[in-house]
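Please view the sequence and the model below before reading on.

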Amino acid sequence: MKRTHAQAADDEPIEVHDSGFMGPMVMFPTFPHNDTFVESRKFKLIAGPIANPDADDFTFNHAPNDYGVMDLQSARITANITITAADNTYLAGDQNVALNQSPLRLGWKSREILVNNQRINSLSSQENEIEFINHLTRETPLAYMPDQDITGCIHNTPGAANVSDSITQMLDATHATHVNKGLGKRYLLCKRDVPFKCYDFINLMGDNKRYVVSSFNMTIRLTRLEKVKTLMGAAAECALAKIRYSDLEIHIQAFKPKAQLMAAINNAMVQKGEEAKYYVRHFRYVPMAVAVGTRKINKNDLFTGARPTRMFIYIRTQARYNGAHTSNPNRMIFPNLEFLGVKINEAFVEPTIENSKEAYINLRRILNRKYDEMPFNYPDYLTDYGLIALDLSENKDSYNQILPNATSGVVSLEIRLNQPLAAASQLIVVGEFRNQLSCAYQTEARLKFAY
């Protein structure tokens, strides 16, 4: 018998997702600006304390207003950055002191974001490492290198024999005698009496593409990273120098919708009490001390309750983890690996990694770089970017399902090395989690999952 349309629908139900916002907001991505918005402006959030460029903590406040909506995906952070002596005078010309890369993106120990007085991001004391992983896994040199004189995103020159840690001849303006040309370029970018006007993007709501209503209260708190991880050069000379952030601001573009659309938003949020929903990413940073001579590492119950969608694993020596002016704080040397596997509820999840070539090919697949360039080549991966990535997200194909659709489970890690560790180290695991943020008018924001 021929099936009716209704029978077909019952046999093959269509997966339905919520729109992420109330009805009118769905129109925004498909309508041109001149049909949707009547005007735009830029909100400038000035860091406090305003008159203290040497502060360890900076706070930005966005006061609620009924102007319209904000584009947080394009939010920018700007500052005049100066390297000075302790008495605020410019350094002498022979001082081997330079900024580390991306000072406004990687220069913070913690980044706390509150929406309507509720913290919506995972607070970590290693925000710089999480942002560096974001940078490596989401950007390619073709995209960020044209802006390196604007953002300061100049990598140390990768290579063997500690090239990326070298500070030899860093003051050579021609780079002729300096093997670490990245450090030399950063020195020229911000030296002595030349302040560096730095612009960079700042992640406020998980790279969210949806507009955020300006009636939300928003607070951003940034805490400085240790100086040993933000200044590179001669240890004694860096110890006597400091970084000053003047005119530190966050710029947010805002748009005023047409009257009828604004009335619909106000009616839904204020009168009906409906919530705006946003998808955000959270990270959990788990460092584990590993003693010298270790060959096998077992870590059970790494993440319990919720399962990360992706995991990033790398090993740093304890000395590099603590920081030093003479070492690149972002360097990850690929370990002498025999086996690395992740278990969910006692069962290993494919793929397991047995060498650096498998790890690099797997990273390329996870980053979806089949038809796009990788952020680094294989030789540089071994010496400077030895990041092992694993994708734990469920398979959406119900006919060939590798992992169950449940997002819970106990995640464990097993690592075996070909040779014992030559120095005390830190094994670092970063879990990336997907979450959903809900927020209504003048009510506390809520997250769907608590990690």
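Lys-343 lies over the face of Phe-348, 5.5 Å from the ring centre; such a placement requires NZ of Lys or CZ of Arg within 6 Å of the ring centre and within 35 degrees of the ring normal. The model is predicted, so local features need pLDDT of at least 70 and side-chain atom pairs count only at pLDDT 80 or more, while totals for chains, interfaces and linings use all residues. Residues are numbered from 1 along each chain as its sequence is written, and side-chain values use heavy atoms, with hydrogens and water left out.

**Rings and charges**

- Lys-229 is likewise placed over the face of Tyr-321, at 5.5 Å from the ring centre.
- There are 15 aromatic pairs, counted where ring centres of Phe, Tyr and Trp (its six-membered ring) lie within 6.5 Å; planes under 30 degrees apart are stacked, over 60 edge-to-face and the rest tilted.
- Phe-334 and Tyr-381 form a tilted pair, with 5.5 Å between centres and 45° between planes.
- This pair links distant parts of the chain, 47 residues apart: Phe-334 is in the loop between helix H10 (318–322) and strand S15 (337–344), and Tyr-381 is in helix H12 (residues 378–383). Helices (H or I, at least four residues) and strands (E, at least two) are DSSP runs, numbered from the N terminus.
- Both Phe-334 and Tyr-381 are buried, where buried means under 20% relative accessible area, exposed over 50% and partly exposed in between (1.4 Å probe, protein chains only).
- The ring centres of Tyr-360 and Tyr-378 are 5.7 Å apart with planes at 70°, so this pair is edge-to-face.
- Ring pairs join Phe-334, Tyr-360, Phe-376, Tyr-378, Tyr-381 and Tyr-385 into a cluster.

**Helix H9**

- In helix H9 (residues 259–271), Leu-261, Met-262, Ile-265, Ala-268 and Met-269 are buried.
- Viewed down the axis of H9, the buried residues fall within an arc of 130°, so they line one face of the helix; the arc is taken from the directions from the helix axis to the C-beta atoms.
- The face of H9 turned away from the buried side carries the exposed residues Ala-259, Gln-260 and Gln-271.
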